[in-house]
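The following paragraphs lead through a protein model, beginning with a pair of strands and then turning to its pockets and its ligand.

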Amino acid sequence: MTAMNTLKRIFAVLLLAPALALAAGGDVKLDRAPINPDDQASLQRGARHFVNYCLNCHSANFMRYNRLRDIGLTDQQILDNLVFTGAKVGDLMKISMDPKESKEWFGAAPPELSLIARSRSSHAGSGADWLYTYLRGYYRDAERPTGWNNTVYPNVGMPHVLWELQGEQVLSERKVQGAGFEKSELVLKLEKPGNLTPVEYDQFVADLVNYLVFMSEPARARRETIGMFVLVALGLLFVLAYALKKEYWKDVH
Ligand code: HEC
């Protein structure tokens, strides 16, 4: 192969790569996450769920406990209800599990979660939608070492840590009939109910996702306020500058 041909090939691959990556993005439809970043009660419930169910394995290295003041909690409330590890209120949300050990147990190390809502956003939906669908997408699969599989994250290493709440789903085939065609599609079916009803479970996950989104950008509310101040200050400066210009030039003409 000549050097020219090789170059052409490299260019072709470079041009095609983004299209291929998009195609591999998956054909799973994401459910829209019903979250509201201004709902403090929901964020507080979500923080509690996160500490109780996720922080054992995942850390949130960019998140300090006292950042939870931003969702309306006092330092004492944070210490009493959310810190179980003997950490201080100004500490980062870290865990003590050794990443090497967790890799042995689950085949993969649990990633750090403070930026997860941002990293999972794609053309198929926001990071929140992905998380909302993921945490509701676990189903029984005897072929997996953990006994679980997931619709949006096939062959995931993480077990279904919320199964007592959600119950057990299975993947089952359903025939869909349309005008002149018949096809089958795979749907999730709740086989054994959990401690929560499906509606309650969806709400539980929504609160948790609301909190994960807050962690990705804890300063959002403050930044928006600062932005308004900056705009107003710029406006005032403009008026002042214009008045000055008029003053300086009024005798020139
Ligand atoms: C028993 C340990 C454990 C617990 C508890 C746990 N996870 Fe995981 N999690 C993992 C492991 C291991 C992975 C890596 C899976 C892989 O890469 O296959 C993972 C992966 C993830 C991912 C995918 C990250 C990515 O984009 O690759 C998300 C999101 C996630 N966990 C969220 C959560 C949430 C939310 C909770 C709390 C409800 C939670 N996890 C509780 C072990 C755990």
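Two strands are said to pair if DSSP finds at least two bridges between them. In this predicted model, strand S5, residues 167-178, and strand S6, residues 181-193, run antiparallel and are joined by 12 bridges. S5 and S6 form a hairpin with two residues between them. In the turn, Gly180 has a positive phi of about 80°.

The largest pocket has a volume of about 720 Å³. It is lined by 24 residues, of which Thr151, Leu171, Leu186, Val187 and Leu188 are the closest to its centre. By class, the lining of the largest pocket comprises 10 nonpolar, six polar and eight charged residues.

Which pocket holds the ligand? The ligand sits in the second largest pocket, where about 510 Å³ of space lies. Of the 26 residues lining the second largest pocket, those closest to its centre are His58, Pro110, Pro111, Tyr134 and Met158. Helices H6 and H8 each supply at least two residues of this lining, with H6 giving the largest share, three residues. The lining of the second largest pocket is made up of 22 nonpolar, three polar and one charged residues.

Attention now turns to the ligand itself. It is surrounded by 23 residues, the closest being Cys54, Cys57, His58, Gly157 and Met158. His58 and Met158 are also among the residues closest to the centre of the second largest pocket. By class, the shell around the ligand has 20 nonpolar, two polar and one charged residues.

In the case of Arg120, a side-chain N or O atom is 2.7 Å from an oxygen atom of the ligand. Tyr153 has a polar side-chain atom 2.9 Å from an oxygen atom of the ligand. The elements that give two or more residues to the shell around the ligand are helix H6 (127-134) and helix H8 (198-216). H6 supplies the largest share of that shell, three residues.

Definitions and conventions
Residues are numbered from 1 along each chain as its sequence is written. This is a predicted model: local features need pLDDT of at least 70, side-chain atom pairs count only at pLDDT 80 or more; totals for chains, interfaces and linings use all residues. Side-chain values use heavy atoms; hydrogens and water are left out. Helices (H or I, at least four residues) and strands (E, at least two) are DSSP runs, numbered from the N terminus. A residue is near a molecule or strand if one of its heavy atoms lies within 4 Å of it. A polar contact is a pair of N or O atoms within 3.5 Å; within protein, one must be able to donate a hydrogen and the other to accept it, and residues adjacent in sequence count only if both atoms are side-chain atoms. On a 1 Å grid over the protein atoms alone, a cavity is a set of points where a 1.4 Å probe fits but cannot get out, and a pocket is an open set with protein on both sides within 12 Å along at least five of seven lines; lining residues have an atom within 4 Å of a point. A molecule sits in a cavity or pocket if more than half of its atoms lie within 2 Å of its grid points. Ala, Val, Leu, Ile, Met, Phe, Trp, Tyr, Cys and Pro count as nonpolar, Asp, Glu, Lys and Arg as charged, and the others, Gly among them, as polar. Grid points are joined across faces, edges and corners, and a volume is the space filled by probe spheres set on the points.
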